[in-house]
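Please keep the sequence and the structure in view while reading the points below.

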Amino acid sequence: MDVKTLKNSLEESLTDLPALGMDVHSLVENFRRYYSHTLGRDRHCRSAHYAYQSLVLSLRDRLMERWKSTRYAYEAVDASHAYYLSLEFLMGRALGNAALNLGLEEETELAMRCLGMELEELAENEQDAGLGNGGLGRLAACFLDSCATLQLPVTGYGMRYEYGMFRQLISGGEQIEEPDHWLREGNPWELERPEYTQRVPFEGRTEWLRINGSSQPRWVETHDVLAVPYDVPVPGYRNGTVNTLRLWKACSTDEFDLEEFNAGLYPESVAAKNSAELITLVLYPNDSSESGKELRLRQQYFLASASLQDIIARWVGTHGRDFTHFAEKNRFQLNDTHPSCAIPELMRLLMDEHGLAWDKAWQITSTTMAYTNHTLLPEALERWPMPTFARLLPRLLDIIFEINANFMAEVARRWPGDAERQRRMSIIEEGEVPQVRMAYLAIVGSFSVNGVAALHSRLLTKGLFNDFFALWPEKFNNKTNGVTPRRWLAACNPDLSQLITETIGEGWIADLSQLAGLAKHVDDAAFRSQWRAVNQKSKQRLAQMVEADCGVVFNLDAIFDVQVKRIHEYKRQLLNVLHVIHLYDRLKRGDDADWTPRCVLIGGKAAPGYYMAKRIIKLINNVATVVNSDAVTTDRLRLAFLPNYRVTTMEVIAPGTDLSEQISTAGKEASGTGNMKFMMNGALTIGTLDGANIEIREEVGEENFFLFGLSAEEVEAKRGHYDPAAIIAADEDLRRVIQLLESGHFNQFEPCIFDSILQAITNPDDPWMTVADFRSYVEGQKQVAEAYRNEEHWTRMSILNTAASGHFSSDRTIAEYNRDIWKLEPLAPVTEEE
């Protein structure tokens, strides 16, 4: 039998496989087969991990059927595709999400009970996938969920990090970082695809050859690394669509040098292997050192090159080496500046590997790349030292020089003689050590540049990227972020989800705008009572987690006041702590008339090299120790710092929160998505006019949002004549808070440890203007306390927040990306009958 006949025979036999049952009995039978035969376990096994793994494999089989059908549907019509390139995908646990999207929640739970197990206990065996840090990676995960739910042909490309960012412990109030080896027991959701391995070049040099009378470049003497793909299924919500997240693992081209091994040089024999595997060893290496910076650049190029090679190989397999229609069939969305190497890399592949001329390659590149910016902080816009770039990626630097030369010529034509503007806009930043500005490269090489909230997008065009906006206003647009309601309401808050479904039907899970129907029930006393009961149950679950993880008991009748996010000065966890100290001071002075009990929860990780963020964590914990151990605060004020904040803990936190703290310095937060998750679950927001807070306030109404603080324009106007000392002197409450800090009340046996914090907030050059917003924040919190004492009024506001959250579904965001940028046609999967 020849190969072609064998292939046809195999395909026919595979299509004859019966579809797997979606009932309890079928799940039980599949589970038993995997547990006994595939994993070889029996009744003597004492580890729940194998039961968890058997359940995953049973659900994955059902995803696999739909995964293949989805791919067949895309192939059948040669569908246009979008590719989402991101260094982070913070997926969280997959078990509950898969059961929900397959429509198998009840069946899975019953199947496990038939086997004498609880689904919730099995789910605890799943590690959070350590593929992201915070909002950027969680947003990418929400977007993939929405793409599949909207049945759009979108593939995610990321990195299969062996270790996540780190596991955070708290010891003596200090952050301790431990390795997060999330893959220690494997990942049963993934599928290794070694047949699609790509070869990624590094280092070497560019060699120019004369071919047919013209100079042709070749990247030679490279040190290559293999990129091995692992595919993870991304199911849509009960629609049969399963898209793909493809993650790359770095491997050496040779396992080890046998000659060196035989000579007894054991470390040297595996040096190449170790060097290659470093690329995907850990998420975000500390880049305070040159070696750390180099590794970050290797990671970014590795992702871009492997992904583009994979996409082009698929194109060539279908269309041959004809790239005439490549641009109309493909879109690449760059999630922040990290994947910006994709622009010169696509040029390299098209020209060096497939023989296209510069103009044609640039026409394809500049009409397929789209860039999403996620920051207003200039220091967060990545730049790479040219010597490092030249050594690691010499051919790419050649191409960047050419891109920049053409771009500078365009700038000169638009603004003749304006050398200063050319210097400002150049992709290559001048200086003692020239730098490659990756954000500028992304703008120049993309046809679309978007911010992630209305204010953020406006500030980009008025500030950071004003010169580029003046040149290409048509490139710039806004796509306000969103979060998936499947994970962040339907799955994480099942009691509220059930109440909403009983009230307005289940259509809201796929169309969140239907939550607006809750507003007409706000005057129903019985409905409000049910809402409060659900909220109280969620608060109890959160309180249990806080007691278990922090050793702090929360009063269920108190406001649960929560701020969980990455620790950074601009996010102003420090302002929150100053308010807690103020409340503590009030209680100590007997100023407790009309007191509203409050439990404050703060969580988040500080980057290992970020000294001030780590000091803030220490301060939070020291203040918590003093406050919680004082008899005067019992049942009236509590403060806890939750260690190792991650997706799974947020799934408990969001449903149990009364007040969401979104208190960044105005003009610094790009969007925020935690604010949306809290709002969706009925929490009220206290916040500044920053990021998506503005749009949240517009949707829910100013009467259902607690606003405080300077606006972005007022912050900028204050710079240069900001006087925190005068503000402190004029505010008695603030003066007492500062005096408590200066006296060492919270660090009696650790002298001077908070001096750096005091110096920062009293510095006239403090960019975060913490002191400037203190009084307004305190007054806003008084309004919160007063509102919370009126139970019926607070419940109305909570319901209206959920009812107004439809705009913040990632389904809406992705629909806008598709309408304005990708222009893809939704496609339903092909069934076996078809």
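Predicted model: local features only at pLDDT ≥ 70, side-chain atom pairs only at ≥ 80, totals over all residues.

In soluble globular proteins, nonpolar side chains tend to be buried together.

- Once residues up to four places away in sequence are set aside, Phe302 touches a list of residues that includes Met159, Val200, Phe202, Val225 and Leu226.
- The contacts of Phe302 also include Ala227, Trp248, Lys249, Ala250, Ile279 and Thr280.

**The six-stranded sheet**

- An open sheet is built from six strands in the order S20-S19-S18-S21-S22-S23, and the pairing between them is parallel.
- Strands S20 and S23 (706–707) stand at the edges with a single partner strand each, so one side of each is left without a neighbour in the sheet.
- Within the sheet, strand S18 (residues 559–564) runs parallel to strand S21 (residues 659–662), and two bridges join them.
- Val562 stands opposite Ser660, a residue of S21.
- Helix H23 (residues 525–550) packs on the sheet, where it touches S18, strand S19 (598–603) and S20, and the direction of H23 makes about 70° with that of S20.

**Two loop residues with positive phi**

- Asp635, which lies in the loop between helix H25 (611–628) and strand S20 (637–642), has a positive phi of about 60° although it is not a glycine.
- Asn644, found in the loop between S20 and helix H26 (647–653), is likewise not a glycine and has a positive phi of about 55°.
- Is Asn644 buried or exposed? Asn644 counts as buried because its relative accessibility is 13%, and the cut-off for buried is under 20%.

**Cysteines**

- How many disulfides are there? The count comes to zero.
- Cys142 is in no disulfide, and the nearest cysteine sulfur, which belongs to Cys492, is 11 Å away, whereas a disulfide would need the two sulfur atoms to be within 2.5 Å.
- Cys142 is buried, since its relative accessible area is 1%.
- Cys147 is in no disulfide either, with the sulfur of Cys142 as the nearest cysteine sulfur, 11 Å away.
- Cys147 also counts as buried, at 2% relative accessibility.

- His582 has its place in helix H24 (residues 573–588), and at 3% relative accessibility His582 counts as buried.
- Which residues are in contact with His582, leaving aside its neighbours within four places in sequence? They are Asp733, Val737, Phe774 and Val778.
- Ile738 belongs to helix H31 (residues 732–742), and Ile738 is buried, with a relative accessible area of 4%.
- Leaving aside neighbours within four places in sequence, Ile738 is in contact with Ile728, Leu758 and Ile761.
- Ile738 and Ala510 are 228 residues apart along the chain, and their C-alpha atoms are separated by 49 Å.

Technical notes. Residues numbered from 1 in each chain as written. Heavy atoms only, no water. Contact = heavy atoms within 4.5 Å. Helix = DSSP H or I, 4+ residues; strand = E, 2+ residues; numbered from the N terminus. Buried < 20%, exposed > 50% of the residue type's maximum accessible area, 1.4 Å probe, protein only. Pairing = 2+ DSSP bridges. Axes fitted to C-alpha atoms, helices over the stretch in contact; angles between N-to-C directions.
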